[in-house]
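Let's take a walk through a protein model together.

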Amino acid sequence: MSGSRERIFRRIKLALKDRPPADYPGSFPGESPLECGKSRQEPNEDPPRTEIMDRFRGMMEAAGAEVLVFEGIEEAGAWLDDFTQGFGSVAYGRTVPEVLRIASEKREPSNAELGVSMARCAVAETGSLVMDARDGRRNQLLPPTQVVWVWSEAIHASALKFLRELDTEPMPSALGLHSGPSKSADIGQIMVRGIHGPGRLIAGILDWPQDPGSG
Amino acid sequence: MADPTPRNYLTESASIIRNHPEMSQSVQESSRSFDQRRADAYDQVDSQAWRTWAKAVKTHTLSNLDRYLEEAEAHLIQNGVHVHWAEDGQEAFTVLESVVAAHGVKRAVKAKSMLTEELGLNRFLEGLGVGIRETDLGEYIIQLLGEGPSHIVAPAIHRSLTDCQALFHRELGTPLDADPDQLAAAARAALREEFLSADLGVSGGNFLVAETGTLALVENEGNIRLSTSLPRVHVAFVGIEKLIPRLEDLSGFLQLVARAATGQPIGTFVSLIQGPRKADEPDGPEEVHVVLVDNGRSRLLAEEAAWEALRCIRCGACLNVCPVFRQTGGHAYGWAYSGPIGAILAPGLLGLEAAMPLPYASTLCGACADVCPVEIPIPDLILLWRERAVRDGLVPRAERFAMRVFGQAAKRPGLFSASGGLLRKVPLDFGSKALPVLSAWTETRGSLPRSPRLFRDLWKDGIK
Ligand code: SF4
């Protein structure tokens, strides 16, 4: 409806004709101790990794997620091997490294009991896992329990920093910030979990230097 | 049942207060709890600095709206999104009708969206023979009940656990004493089927980033992520005021809207949508449409001062803190947007005559402006619309006189305080004629006992 477009623009221009444009105030001031950049030009130094990890863990746990830290591939693999015993079927995200897929019965996400995904990165300030559409959205959303791997090096201190870096890359069709298990208080204002998305969310932090061959 | 309309506000609110005290109670309890969580979440950060920043970004964007809309449109198209423009609901429906026809849509899932409520989209889709299912749990509950939303963020805020038990027993066969987890599991199972079989996902949009054409959606349940990921077509209806300039601005808005709405540091799920599924992605919609809807917004933008209502990011904080909204919930307002934001958006988007008497649904206590994350001066705008209503002869003479005095007094803080004191000395039978909310109340309840103290003072001291 191009006529509509023109009419809308005409009305907007007319409305703004005598109104001086207001200034852009600059970047979000933020304020968490992990805030990384106060201005676009001079981002501050990142806080120490341990602080970033602690903040990420604290925020995720406060939102009802579980957080585990693994210091080596064997440790992560052994944990997954053990954990998957409790589930009849597992679905894997496309970008989950081969070494972090356990050979239990694999299923399509819509009928898998457990989903294992790979986060593109994470945000400590808000306790968010950043899920990339390339990993598969159905797998990130449909199974009732979700394990999400994330490299410790890929945890950004702040949302501002994450979004600034994202700006410069080609983007997938969708990113999802997952900051806890699915929840709702719509039934009599009582909180329930897992209403649509995963009701149990486990973030597995891979805390060793990322080997390009492993993912 | 007649269509809801703001015109019936007085009788509807009186009827809710008189006939449905349980609804009133649910709304009061929930809105107090929301507000407490907001207050705690604001206290954890420099909320004043955040709000000042957010106000400035939105004011800047609105004062350059044509430029940012062009920028957003260019990026959306670059991202492979079909962009449509709709002057009103009818044009938005025409777009939807063409998508439905082109894709042979039989079933649609819908994520909560106030704009689609404003347009009355569900009824239109049903008219086309498309089965449409609301997927937000609160929206699902009210869809089953045949009601509209009672709150921007919590649409079923007026319904208790007992109401939900009875409803789910009838609709889904759960036991009458099922606990909330059992009820949620039944809803999950029923809605999962709908997600997996839907051809179309319909959503709104919380923010649209001009710099990248990114559509941001915020929620807690995951139904928006599912509605925008599973069906093969996604149509998003976005008000033209939802623009923000840069992707990095989301860092502030995502955190602020969550703190204001529910006291969370961020919504549990945020979707950042760039377009249809790409070649290297295993799933996602094949087609994404964004319908940019005006429906009175450009007209409101031209209104001196009143345009500030367009900064609203639909957090619902002003509803939770409003003593008038708390009495009734949103249905009495007869329109999608209720509470203080409804009182200033309705005259702007519907026209003042159609919005009457919503600008009077306020005590002007100022609590709404104190919590608004984008610092909309709501009481000032309410007074502005009241003055216009008086000027345009839309209020009775006695009220016109009272409002003129009140309007003038309210502009000057000192005089306002004095007149607040004076008003308490006015016999209530006159006050009730002058203030329609009072007359609706007294019609059904008898006279109100007068408070020994000013409302504003009680509020400061934290009356409950
Ligand atoms: S007017 Fe302000 S407080 Fe009310 S819903 Fe809009 S942004 Fe939130």
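**Where the two chains meet**

Across the interface of chain A and chain B there are seven salt bridges, a salt bridge being a side-chain nitrogen of Lys or Arg within 4 Å of a carboxyl oxygen of Asp or Glu. One of them links R134(A) to D280(B), with the closest N and O atoms 4.0 Å apart. Before going on, note that this is a predicted model, in which local features need pLDDT of at least 70 and side-chain atom pairs count only at pLDDT 80 or more, while totals for chains, interfaces and linings use all residues. Residues are numbered from 1 along each chain as its sequence is written, chains are lettered from A and ligands numbered from 1 in the order in which they are written, and side-chain values use heavy atoms, with hydrogens and water left out.

How many residue pairs are in polar contact between chain A and chain B? The count is 46, with both residues at pLDDT 80 or more. (A polar contact is a pair of N or O atoms within 3.5 Å; within protein, one must be able to donate a hydrogen and the other to accept it, and residues adjacent in sequence count only if both atoms are side-chain atoms.) Several elements of chain A give two or more residues to the side that touches chain B, including helix 1 (2–16), strand 5 (128–132) and strand 8 (174–178). Helices (H or I, at least four residues) and strands (E, at least two) are DSSP runs, numbered from the N terminus. Helix 1 of chain A gives the most, with ten residues. That side of chain A divides into 35 nonpolar, 21 polar and 19 charged residues. Here Ala, Val, Leu, Ile, Met, Phe, Trp, Tyr, Cys and Pro count as nonpolar, Asp, Glu, Lys and Arg as charged, and the others, Gly among them, as polar.

**A sheet built from both chains**

Now look for strand 8 of chain A. It pairs with strand 9 (residues 269–273) of chain B in the antiparallel sense over five bridges; two strands pair if DSSP finds at least two bridges between them. Along this pairing, G176(A) stands opposite S271(B). Zoom out and you'll find an open sheet of eight strands with mixed pairing, in the order 7(A)-4(A)-5(A)-8(A)-9(B)-6(B)-5(B)-8(B). Strand 7 (155–156) of chain A and strand 8 (243–244) of chain B are at the edges with a single partner strand each, so one side of each has no neighbour in the sheet. Strand 9 of chain B also runs antiparallel to strand 6 (residues 214–219) of chain B, joined by five bridges, and there A216(B) has L272(B) as its bridge partner.

**A second sheet, in chain B**

Chain B has another open sheet, with six strands in parallel pairing and the order 1-10-7-4-2-3. Which strands are at its edges? They are strand 1 (82–86) and strand 3 (131–134) of chain B, each pairing on one side only. Strand 2 (residues 107–110) and strand 4 (residues 200–203) of chain B pair in the parallel sense over three bridges, and V109(B) has G201(B) as its bridge partner.

Most residues other than glycine have a negative phi, and most peptide bonds are trans. Q189(A) has a positive phi of about 65 degrees although it is not a glycine, and the peptide bond from M356(B) to P357(B) is cis, with omega near 5 degrees.
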